[in-house]
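Have a look at the fold below before reading on. The notes go from the whole chain down to single residues.

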Amino acid sequence: MWTFILVTLVILTRADGEEDSFLYDVFPPGFQWGLGSGSYQVEGGWRDDGKGLNIFDNVFHQIPSPAVDGTNGDIACDSYHKYAEDVSLLKYIGNIVFDNWPRSSRYHVFEAGVYRFSLSWSRILPTGRIDYINPAGIEYYNNLINFLIANGIEPIVTIHHWDLPLPLDGIGGWANDELIHHFTNFAHLVFHTFGDRVKKWVTFNEPNIICMLGFVFKVDGRPIGLNEVIKCFRTLILSHARVYHLYDHVFRPWQGGKVGTNLAAYWFEGKDPNNPEDAKAAENALQIMWGLIASPLVFGYFNRETRQMMERLAKRGLISPQKEFTLAESAEIIGTWDFLGVNHYSTYLTELRKSTSKPGNLTLDQIFLLLLDVNLSVKPEWVSTSTPDFKVVPSGFRRILNWIKWRYGNPELCVLENGYSGRPEQGLEDYNRVAFHRAYINEMLKAVKLDGVNVSVYTVWSLLDQFEMELGYTVNFGVVAVNFTDLDRTRTPKLSATCLKQIFKDNGFPR
Ligand code: NOJ
């Protein structure tokens, strides 16, 4: 008996901060559930109906292709042709049923119903510029949006999820501030065209990753310049702000929606819990990872950690000295969000770095570490996933949500990506993914109900097994399997789809 009590106590009070007991409770009414995808990762149809080329069409056709299995997204899930089936799957997982269907289109939504997808810029504007609008691109997204709404599912639209039109990469990509103008034109067009039905817009998917991991720069093997990386941050921040104001002044008065952006938000904690230097390194990494973009948007300026990072890099001769935002720029960027999007996948341990040597050609990982100024590691006991860098640490999710709440004034947060990386051979009975989502959603529930974090949306990454940038089709995040050897790209829900269906329906975990 005593042994039992002792073991239970030890489990409940684990000093390493692992998650405590499971919370049986539900999310506040109106909490929104759904699933997500990225245009290049699911659409296929890479040359169909007048679509222009984007950076991924280019890079994944290179030999050797940077995807480990040598594949590309030419066909991917073929969602360009099979979007109606995707919507049916969403409707099924979202528990949406119709009253008197098909006589009336009144639908009954339990606690579900959002689909987060992104627009392929070059499908709509083949050159990336507003010189020619491709009617087939407009038609495709009109059909998808209409079909979602007819089926009771609200669209959340990411305007840009990394698939930059190739001609814009040709002029330097996001390191060229001419892109502010092109992105604003693109956003204007899509607000004008789809904004009567789309009420939540995400300007950029993970702008912090676009720059930090140089997705824009590595596409044609060009060496990555740190100056370009820093310039990229400025261009994205200013583009976002310009588009926010455009929406605010021109479209919001009659469309009444919301605009935000979503950031990659890992959790960092000190490697040695008793070493204040490690804790400092974690705070620094968080303030750069999340704050490099969030601080300008929320407070109007780069935070102290970002400024110190830039000074450090300039002192070492790695970048040219950087200017603060001008007063006019600050005034333009402050407060340009209605919600902040959170993409959460993993947790890392931090230690301070003490390297001062001047590195030669930088790999993407080195750039990442140089910006964050930390050494990263993981605990050996953390469960692995099929993406080497992603470990299963549910408690990190509650912590990053709380950290954002306390450092950034309890903003409305939409969790737009959270998912488990598996392998095709794991099949339809994806118990690990089921365990992952139950545990992570439960930590989010604690953040909302016990800690008062203001989360309003959770979209699972991803609806389908889809193309994953560097890993091709060797890993998957989908709750619906896609048979990539079948030309028809047959879709089959996995066990995780059934489990999520229940969580969505229950709005959490009722006792
Ligand atoms: C974040 C990206 O937005 C998404 O495109 C990718 O599939 C996931 N990370 C998983 O790596």
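Among contacts in the protein chain between residues at least 6 apart in sequence, what percentage join residues at least 24 apart? The figure is 79%, where contact means heavy atoms within 4.5 Å.

## What you're looking at

This is a predicted model, so local features need pLDDT of at least 70 and side-chain atom pairs count only at pLDDT 80 or more, while totals for chains, interfaces and linings use all residues. Residues are numbered from 1 along each chain as its sequence is written, and side-chain values use heavy atoms, with hydrogens and water left out.

The protein chain has 18 helices and 19 strands. Both kinds of element are DSSP runs numbered from the N terminus: helices are H or I with at least four residues, strands are E with at least two. The chain has 511 residues, and 61% of them count as buried. Buried means under 20% relative accessible area, exposed means over 50%, and partly exposed is in between (1.4 Å probe, protein chains only).

## The barrel

Eight strands make a closed barrel: follow β2-β5-β6-β7-β8-β10-β15-β16, with parallel pairing. Neighbouring strands here are turned by 25 degrees against each other on average, direction ignored. Those angles use axes, which are lines fitted to C-alpha atoms (for helices, over the stretch in contact), and angles run from 0 to 180 degrees between N-to-C directions. Two strands pair if DSSP finds at least two bridges between them.

Val157 has Trp201 in β7 as its bridge partner.

## The three-stranded sheet

There's also an open sheet of 3 strands, in the order β9-β11-β12, with mixed pairing. Its edge strands are β9 (267-270) and β12 (374-377), each pairing on one side only. Neighbouring strands in this sheet are turned by 40 degrees against each other on average, direction ignored.

β9 runs parallel to β11 (residues 347-352), and 4 bridges join them. Look for Glu269, which stands opposite Leu349 in β11. Helix α16 lies across β9 and β11, running at about 95 degrees to β9.

## Where α16 meets α11

Two packed helices are described by the angle between their axes and the distance between the axes. For α11 (residues 276-289) and α16, the axes come within 12 Å and cross at roughly 75 degrees. That makes the two helices roughly perpendicular to each other; the cut-offs are under 35 degrees for roughly parallel, over 145 for roughly antiparallel, 65 to 115 for roughly perpendicular, and oblique for the rest.

Which residues meet here? Glu283, Leu286 and Gln287 in α11 meet Ile400, Trp403 and Arg407 in α16. The residues of this contact divide into 3 nonpolar, 1 polar and 2 charged. Ala, Val, Leu, Ile, Met, Phe, Trp, Tyr, Cys and Pro count as nonpolar, Asp, Glu, Lys and Arg as charged, and the others, Gly among them, as polar.

Most residues other than glycine have a negative phi, and most peptide bonds are trans. Asp49, in the loop between α2 (39-42) and α3 (55-59), has a positive phi near 50 degrees. Asp49 is partly exposed, at 47% relative accessibility. Asn410 has a positive phi near 45 degrees and sits in the loop between α16 (394-407) and β15 (413-417). Asn410 is partly exposed, at 31%.

The peptide bond from Trp461 to Ser462 is cis, with omega near 10 degrees. Ser462 falls in the loop between β16 (455-461) and β17 (480-482).

Is Val393 buried or exposed? Val393 is buried, with a relative accessible area of 2%, and lies in the loop between β14 (391-392) and α16. Its C-alpha is 8.3 Å from that of Tyr440, 47 residues apart along the chain.

Pro493 is in strand β18 (residues 491-493) and is partly exposed at 33% relative accessibility. Leaving out residues up to four places away in sequence, Pro493 touches Leu89, Leu428, Val479 and Val480. Pro493 and Leu464 are 29 residues apart in sequence and 8.8 Å apart in space, C-alpha to C-alpha.
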